[in-house]
Amino acid sequence: MLGRRGGGRGEPVTTWQKIGAVAVGIIAGYLLGVAMMETVDMFYATPVTPTAVTLDTNAGQDSGATKAGGKTIHSVLTSNGSPYQNFQGRIMYGTYKLVQRMPGGEKLTGFTRILHRMKPDELMDEIPTFRANPLHPQCDEWCDFPVADRPNAVKQWIDAAAKDPGMIKGAWILLLECDYVWMRPVQAPDAYDPRANGFQFMFDYIMPDHPNAVPFMVKLSGGRVDPKKIPQSGPAPVLIRYTELAALTPDWERVTADIEADPEAVKQLDWVREMYAWDIAVALHNVTLATETPPHSRLIAQPPHDLILGDAAMCHYTWGALYFENKKEIWRWEKRDFTSREVALKVPMLIMPPQPWKEGWVLQDNLPVTRELHDTMTAMIGQMNKAIASLPDLSNAPQRT
């Protein structure tokens, strides 16, 4: 079974059995988050025409695009609108607006949240949003794998943009997830230079050429791709040209659907199966993307697994960070603690890591909290709090219908 690695700075995953073992922690956390995502105030509705709202007045999009040309970036976030994801998405968009004011931020010229949900949610007026009709309406309340709707939702956005090219506000598309924290602007090459390539992040738990994965890679690609040439990445974070994204998305959607229809593929590819679908689509279309690893990834670092930001523009808090001193927990940051509608609408300030750093602190996996990791965690939580301070209280906002 291919699953997410369970965090920390352990040795690289080299066997199928190790992956299954270390995946348990992250899968359990994922299930907890999904199970609590949507337990109140959710409803079904008759499908309506997808709604496009793409202008980001904070970005100065048109002037920025004119000024920066081929280095401009239109950022795209996908979400199912659950409290769990809205808590994260509001913070992410808040940090995005912070870095827009930094040098280079003028090249961040567009932002769209693709919401795959039956009805608009409370964030429609806060975050520029395109609402797509979900393939699985039950995910508005609860489902075990809402990510299965992502490729189709992105395709709906692409189809809408094909009819209204003005929706695209940058030369590059940057695909994101909710649990990112912008620390500085992403620096893109000139998209109009044919020698320039986009880039993506290398996830070491994605192993298309593993013997247990190879039969599925061959089947899902129709035998058209050597598994060794399938990248070890996923649909976020990725910097890619719109034309490349538009070309590969139908296969991303098709392969995802093929996996969901195959119980054995679901079992073996597990919670990262939609990531494999993306990688197969990239390979099928021969899209050249530099696959980068920390500390040289220009997109994300993943503390506490990664000790420093390095060259990254964003932090990805897929794993929690719990500090212990003498076996007693003294501080924690864990996104799965924030799953209620209340914290999504009125985002609380986060508790900062204790200061000053002290030698002897360890994480939940007993690895040391180094000074450099502590500095990284402090910077990330501090940036999140700066964004939270700017967020309006939506507790009394009327529900969108």
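Colleague: Where does Pro237 sit?
Modeller: Keep in mind that this is a predicted model. Pro237 lies in the loop between helix 5 (214-220) and strand 8 (238-241).

Colleague: What kind of peptide bond joins Ala236 and Pro237?
Modeller: A cis one, with omega about -5°. A cis bond also joins Gln355 and Pro356, where omega is about -10°.

Colleague: And where is Pro356?
Modeller: In the loop between helix 9 (341-345) and helix 10. Asn366 has its place in the loop between helix 9 and helix 10 too.

Colleague: What is phi for Asn366?
Modeller: Positive, about 70°, although Asn366 is not a glycine. As background, most residues other than glycine have a negative phi, and most peptide bonds are trans.

Colleague: Is Asn366 buried or exposed?
Modeller: Exposed, because its relative accessibility is 60%. Lys327 is another non-glycine residue with a positive phi, near 70°. Lys327 is in the loop between strand 12 (321-325) and strand 13 (328-333). Its relative accessibility is 82%, so Lys327 counts as exposed as well.

Colleague: Zooming out. How many helices and strands are in the chain?
Modeller: 10 helices and 13 strands. The chain has 401 residues, and buried ones make up 58% of them.

Colleague: What share of the contacts with a separation of 6 or more comes from residues 24 or more positions apart?
Modeller: 75%.

Colleague: On to the core. Which residues touch the most other members of the largest nonpolar core?
Modeller: Trp157, Trp182 and Met314, out of 74 residues in that core. Helix 8 (residues 273-284) gives the most to this core, with nine residues. In general, nonpolar side chains tend to be buried together in soluble globular proteins.

Colleague: What is Trp182 in contact with, beyond its neighbours within four places in sequence?
Modeller: Quite a list. It includes Ser75, Met92, Thr95, Tyr96, Val99 and Leu108. Leu174, Leu176, Ala313, Met314 and Gln383 are on it too.

Colleague: How many residues are in the second, separate core?
Modeller: 28 residues, including Ala312, Leu350, Trp361 and Met384.

Colleague: Tell me about Met384. Which helix is it in?
Modeller: Helix 10 (residues 371-389). Met384 counts as buried because its relative accessibility is 0%.

Colleague: Which residues does Met384 contact, leaving aside those within four places in sequence?
Modeller: Ile91, Thr95, Val181, Tyr317, Trp333 and Leu350. Gly94 is 290 residues from Met384 along the chain, yet their C-alpha atoms are separated by 8.0 Å.

Colleague: Back to helix 8. At what angle do helix 6 and helix 8 pack?
Modeller: About 135°, with the axes 8 Å apart. The roughly antiparallel class needs over 145 degrees, and helix 6 and helix 8 are therefore oblique to each other.

Colleague: What hand is the crossing of helix 6 and helix 8?
Modeller: Right-handed.

Colleague: Which residues meet there?
Modeller: From helix 6, Leu245, Leu248, Trp252, Val255 and Ile259 are among them. Asp251, Arg254 and Glu260 also take part on the helix 6 side. On the helix 8 side, the list includes Arg273, Glu274, Ala277, Trp278, Ile280 and Leu284.

Colleague: How do helix 4 and helix 6 pack?
Modeller: Helix 4 (residues 150-163) packs on helix 6 at about 145°, and the axes are 9 Å apart. Helix 4 passes helix 6 in a left-handed crossing.

Colleague: Last topic, cysteines. How many disulfides does the structure hold?
Modeller: One. Cys139 and Cys143 form it, with their sulfur atoms 1.9 Å apart.

Colleague: Is that disulfide right-handed or left-handed?
Modeller: The torsion about the S-S bond is about 105°, so it is right-handed. Cys139 and Cys143 are both buried.

Colleague: And Cys178, is it buried or exposed?
Modeller: Buried, because its relative accessibility is 3%. Cys315 has a relative accessible area of 1%, so Cys315 is buried as well.

Technical notes. Residues numbered from 1 in each chain as written. Predicted model: local features only at pLDDT ≥ 70, side-chain atom pairs only at ≥ 80, totals over all residues. Heavy atoms only, no water. Core = buried A, V, L, I, M, F, W, Y, C linked by side-chain atoms within 4.5 Å. Buried < 20%, exposed > 50% of the residue type's maximum accessible area, 1.4 Å probe, protein only. Helix = DSSP H or I, 4+ residues; strand = E, 2+ residues; numbered from the N terminus. Contact = heavy atoms within 4.5 Å. Disulfide = S-S within 2.5 Å. Axes fitted to C-alpha atoms, helices over the stretch in contact; angles between N-to-C directions. Parallel < 35°, antiparallel > 145°, perpendicular 65-115°, else oblique. Left-handed = near helix turned anticlockwise from the far one by under 90°.
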